Amino acid sequence: MEKAKSKQIAAQSNSAVERALTILELISSKEGPVGVGEIAQELELAKSTTHRILEALKSKQFVEQIEATEKYQIGLKAIEIGMSSLTKWNLVDITAPYLKQLASDLNETAFLGVYDNGEIVYVYKAEGKQSVSTNAQLGTRKPVHCTGLGKSIVSNFQIEEVDHILTEKGMPKYTDKTITDRQKYLEELSEIRQRGYAMDDEEVEEGLTCFAVPIFNYTGNAIAAISVAGPTERILNKKDQVIESLKSVNTFVSTRLGFVPAMRKSI
């Protein structure tokens, strides 16, 4: 009898926890504060049950109530826990499995790069069966004006910041296709932002083409980029597949870093 009663209490407890978590998820998905009635209706819960759970969450600062409207929004404790989790994620650890799969599926080389002081630093590389040798080794620094990784990241920067980088670093020419005109480069960044991917059209190495997309985190900023590179003819023949695959990885990784599209910074 006692054992059956304990199981019943445990089941009720689990149900209460699930309801509380579901309420938190609902509130976090809304653009503004939400009232008890709306929450109860959407989740098909009794209004009294909803109110009781909200009060418990409020007592622990997982939600807070707006005094003027009596509606609820996500509280500081929930934000604190979320941020604590996000800061523990390592970018390479999260991205590496996806890049390995990407390189394997496309039989090309996939890169992860981060922005640092006006340049791109290559921090991870995965190779497919048909990978070719490039001068982009781990730890290598490259300019932002001619690399797919660089262009995809700085396309999300304010124009003043881009101007500062170009003034400080210059726009050296590596091949006949390297963009060295500032206005032309700024126009390309605008196009990249609109279409969601960047291209290195033999601008660093002749015969080598690369497509890249940015990686965003919970701040809404582009903090890194991933790319796929290979011989120009081969890469262009599977351009659509490469871009689609990169964008898919971008979604997975950025989401794990806490990014939602509404957070993306406007330029």
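Let's start in the loop between helix H5 (91-106) and strand E3 (109-116), where you'll find Asn-107. Keep in mind that this is a predicted model. Asn-107 isn't a glycine, yet its phi is positive, near 60°. With 23% relative accessibility, Asn-107 counts as partly exposed.

Now hop over to the loop between strand E6 (198-201) and strand E7 (208-216), which holds Glu-202. Here's another non-glycine with a positive phi, this one about 55°. Is Glu-202 buried or exposed? At 17% relative accessibility, Glu-202 counts as buried, because the cut-off for that label is under 20%. A positive phi, near 55°, also turns up at Glu-44, which follows H2.

While we're at H2, take a look at the helix itself. Its residues run 36-43, and the buried ones are Val-36, Ile-39 and Ala-40. Viewed down the axis of H2, these fall within an arc of 95°, so they line one face of the helix.

For a closer look, pick Leu-102. Leaving aside residues up to four places away in sequence, Leu-102 touches Ala-110, Val-228, Ser-245, Leu-246 and Val-249.

Conventions. Residues are numbered from 1 along each chain as its sequence is written. This is a predicted model: local features need pLDDT of at least 70, side-chain atom pairs count only at pLDDT 80 or more; totals for chains, interfaces and linings use all residues. Side-chain values use heavy atoms; hydrogens and water are left out. Helices (H or I, at least four residues) and strands (E, at least two) are DSSP runs, numbered from the N terminus. Buried means under 20% relative accessible area, exposed over 50%, partly exposed in between (1.4 Å probe, protein chains only). The arc is that of the directions from the helix axis to the C-beta atoms. Contact means heavy atoms within 4.5 Å.
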